[in-house]
Amino acid sequence: MVLAAFVSASGQPIFTKITTGDIVNDVGNYTTCAWGDFNNDGYLDLFVSSWNNTTNVFYRNNGNGTFTKITSGDPVADRTYHTGSAWADFDNDGNLDLLVVDGGGVPSPGKISLYRNNGDSTFTRMTNSTPPIEKVYFVGGSWADYDNDGWLDFFVTQNIDYSTGRSNLLYHNNGDGTFTKITSGQIVTDLGVGFGCSWGDYDNDGLLDLLVVNRTPTAMNFLYHNLGKGAFERVTTGPIASHIGYSGAAAWGDFNNDGMPDLLVRQVGGGSVMLYENQFPRAHWLKVSLHGVRSNSLGIGSRLVAELNGHRIVRDLYPANTFASQAPSYVHFGLGEFTEVERLSIHWPSGTQQVLLHLAADQHIEVTEGEAETRRLVGR
């Protein structure tokens, strides 16, 4: 692995390659990595998923430019073919929990592993609550509160059968430490060879939609429009839904700062990188970047709740929350027809609670932990 530190000399950004420590000298066959402040000390720690029937690696940030490798505990004990990992506080106790998906190795199937953060720098693997251990072959896993109820749900892709395809899995968070497996609807019945999956509100209606990419030369990618109340409809027209390719990963991001999420899809096996500019009819939006003071500098792990005209939109900031790609390090709110967020609540990882009132739509702002004033990055 390679780690570089950002420094500035005479106003010019440069990187210095880090050459000492386990974090840059460990050798292995790794798939994905996820940054998250699991012990809430204000410094981002790193979890790395390992392939080829080896254990995962986990590094605690010491806060002085060095890391300590964690060598005991459930998240680093499993030896299998891990394909993805994602941090999220699924039980809303203020501590980041960890989802790890296992692609399996022939002939052994994979599984979903959910590790609950005990709040004392240890984790316990959840074994007596849903999701159960699924005997299938997984690749990507991604968290999202798709119904805005304040509890994070998750989606997992399957990839084993290239001839007939497999359906993907969606789990709804019950709010009591358990999940309900969704068994009806196109989002869990469509057959494909799913790899990457990425949530994004492409039409700015306040509901997160989902893109699933298929790693086969004959299957289209799946774009699911969130209809609300737990229902999804697959979009079958347009360049995203009709593209046939050998896709592996995807991520939403507003590359031209017009407030409408655009899409990047990466093909595998020497294929192309495709960028789709969002030309959906314009709707209002608000983007929020965070600057932590007591919390980590990017505010990763924060929860933001926007309230407008009786509506409530919940978003959590977890950039590393998809297979083989990175989401933006800001929170995007689709506001539909509303021109103002009446109240924005920010719950920082440090425990700081911050409230901002009457924020105009169609701007990108930066909020510093504990400060009432915001800084406008883009917009009016």
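Figure 1. Val212 has Phe222 of β19 as its bridge partner. The model is predicted: local features need pLDDT of at least 70, side-chain atom pairs count only at pLDDT 80 or more, and totals for chains, interfaces and linings use all residues. Residues are numbered from 1 along each chain as its sequence is written, and side-chain values use heavy atoms, with hydrogens and water left out. Strand β18 (residues 209-220) pairs with β19 in the antiparallel sense, over three bridges. Strands here are DSSP runs of E, at least two residues long, and helices are runs of H or I of at least four, numbered from the N terminus. Two strands pair if DSSP finds at least two bridges between them. One residue separates β18 and β19 in their hairpin. On to the next strand: β19 meets β20 (residues 231-235) over five bridges, again antiparallel. Asn226 stands opposite Phe232 in β20. The β19-β20 hairpin has two residues between its strands, and Lys229 in the turn has a positive phi of about 60°. Is β19 (residues 222-228) mostly covered or mostly open? Six of its seven residues are buried, where buried means under 20% relative accessible area, exposed over 50%, and partly exposed in between (1.4 Å probe, protein chains only).

Figure 2. Asp190 forms a salt bridge with Arg234, with the closest N and O atoms 3.6 Å apart. Asp190 sits in the loop between α2 (186-189) and β17 (194-200), and Arg234 in strand β20, so the pair ties together parts that are 44 residues apart in sequence. A salt bridge is a side-chain nitrogen of Lys or Arg within 4 Å of a carboxyl oxygen of Asp or Glu. Asp190 is buried, at a relative accessible area of 12%. The structure holds nine salt bridges.

**Figure 3. The sheet β26-β25-β28-β29.** Four strands form this open sheet in the order given, with antiparallel pairing. At the edges stand β26 (311-316) and β29 (353-360), each pairing on one side only. Neighbouring strands are turned by 20° against each other on average, direction ignored. Axes for such angles are lines fitted to C-alpha atoms, for helices over the stretch in contact, and angles run from 0 to 180 degrees between N-to-C directions. Strand β25 (residues 303-308) is joined to β26 by six bridges. Among the residues involved, Glu307 has Arg312 of β26 as its bridge partner. Arg303 is buried at 13% relative accessibility. Asp316 is buried too, at 18%.

**Figure 4. The loop between β28 and β29.** Gly351 is placed in the loop between β28 (340-347) and β29. Gly351 is partly exposed at 47% relative accessibility. Its C-alpha atom is separated by 9.0 Å from that of Arg294, 57 residues apart along the chain.

**Figure 5. The sheet β3-β4-β6-β7.** This open sheet of four strands has antiparallel pairing. β3 (30-36) and β7 (67-70) are the edge strands with a single partner each, so one side of each is left without a neighbour in the sheet. Neighbouring strands are turned by 20° against each other on average, direction ignored. Five bridges join β3 to the antiparallel strand β4 (residues 45-50). Tyr30 stands opposite Ser50 in β4.

**Figure 6. Nonpolar cores.** Which residues touch the most other members of the largest nonpolar core? Of its 28 residues, they are Phe58, Trp87, Ile112, Trp143, Phe154 and Phe179. A nonpolar core is a set of buried Ala, Val, Leu, Ile, Met, Phe, Trp, Tyr and Cys residues joined through side-chain atoms within 4.5 Å. Strands β9 (82-88), β10 (97-102), β11 (112-117), β14 (153-158) and β15 (169-173) each supply at least two residues. β10 gives the most, with four. Another core lies apart, with 21 residues, among them Val331, Phe338, Ile346 and Ile365.
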